[in-house]
Amino acid sequence: MGEVFAGRYELIDPIASGGMGTVWRVLDRADGEVKAAKMLRQSDAAMLLRFVREQSLRIDHTHIVAPQSWAGVDDRVLFTMPLVAGGSVSMLIRQYGALPPRWVGRLADQTLQALEAVHAAGIVHRDVKPGNLLLEPTGRGVPHLRLTDFGIAVPTSEARLTHIAMVIGTPGYMAPEQALGADPAPSADIYALGMVMVEMLTATKVPREPGLLDIDALRTGEPDYDAVLDLAAAASAHDPADRPTAAQLRTHPAMHRLLALPPDPADPITIGDVFPPLPAQDPSTGVRTVESPTTAYSPSPTPVTPPPPPPPPPPATVQHPIAAPARAGVLAPLLLLLAGVVGLVISGWLLFA
């Protein structure tokens with residue numbers, strides 16, 4: 001720990017990882033602020049293109065996390081964004097289970113405000129899900145949500161590079177037409193939010209295949225609960241033309257009802273800072289020591305796979321004194337070949353550097 005990237009960003013600890021790279025908590029030595037920084041190795045052209053696209057999408061809005069700055073060193077590139085320290089809606093559901101209708105209404109309304117700005121800029125997010133809805137640490141007060149991760153966002157005016165439709169998004173939140181490779185459209189983001197509302201209300205993952213969720217079957221007759229389902233049903237209409245825009249959904253009668261609900265004194269939900277204090281810096285070396293990296297913050301949660309069971313003990317024949325030399329005889333030529341290939345690569349790099 002304590003590496004300073006590009007002479008400016010001190011890497012504190014890794015806070016999330018995914019298919020597009022690793023997210024770090026960093027100290028920006030230029031302004032003294034602690035930020036989040038996404039880092040990617042320049043080894044995958046497609047991922048790097050998405051990385052650059054995300055950096056270019058700067059929408060200044062109170063409910064959006066926008067990139068701030070970037071730097072590149074050797075085969076790595078990094079860009080920073082504000083550190084949203086209250087975790088994500090996904091974490092909130094894991095911690096508290098089903099959220100009260102008042103909370104679902106507030107979080108949905110703030111997401112719609114963000115989407116309204118995104119769509120007005122001619123952009124489709126394409127990955128609205130609980131893990132990409134971050135929360136400021138507001139304690140027991142009114143939540144403050146911020147939409148993040150524009151890695152697969154795309155301008156609606158961008159021309160197709162191929163004639164073959166590509167399916168991009170997260171199963172369960174993709175609209176039916178999106179799953180079939182339709183052109184990106186704001187209505188797909190609205191559908192995704194409908195699925196997110198159901199998940200917040202029930203603390204149950206929505207089906208991975210679109211169209212399998214029967215929202216009417218979830219109704220209980222409780223007015224506030226069913227008001228959330230009214231919003232979700234409108235947002236997730238099968239025909240994109242039947243879905244309201246973000247602005248229209250914010251003026252839906254069910255939304256007015258939910259936003260008017262008073263706070264519940266018995267509500268246990270508290271949004272605190274999920275990060276530990278900044279590690280102390282050794283004055284003699286300038287290095288910060290992190291005893292155990294935090295993994296609490298998770299914009300796009302990576303499933304945790306339990307370790308596999310230990311392998312059964314090898315049969316007695318493997319320990320035969322003749323076996324080891326036989327394996328060594330096979331491995332030696334392979335190691336020599338690998339060393340030769342590495343040598344050629346290094347030589348070529350030095351020649352053309």
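**View 1. Leu107 and the residues around it.** Leaving aside neighbours within four places in sequence, Leu107 touches Val89, Leu92, Leu99, Leu135, Pro143, Leu145 and Met200; contact here means heavy atoms within 4.5 Å. This is a predicted model, so local features need pLDDT of at least 70 and side-chain atom pairs count only at pLDDT 80 or more, while totals for chains, interfaces and linings use all residues. Residues are numbered from 1 along each chain as its sequence is written, and side-chain values use heavy atoms, with hydrogens and water left out.

**View 2. The largest nonpolar core.** A nonpolar core is a set of buried Ala, Val, Leu, Ile, Met, Phe, Trp, Tyr and Cys residues joined through side-chain atoms within 4.5 Å; buried means under 20% relative accessible area, exposed over 50%, partly exposed in between (1.4 Å probe, protein chains only). This one has 54 residues, and Leu107 and Met197 are among those with the most contacts inside it. Elements giving it two or more residues include H2, helix H3 (101–120) and helix H5 (186–202). Helices (H or I, at least four residues) and strands (E, at least two) are DSSP runs, numbered from the N terminus.

**View 3. Ser90 in helix H2 (residues 89–96).** Ser90 is buried, at 11% relative accessibility. Its side chain makes a 3.0 Å polar contact with that of Arg94; that's a pair of N or O atoms within 3.5 Å, where within protein one must be able to donate a hydrogen and the other to accept it, and residues adjacent in sequence count only if both atoms are side-chain atoms.
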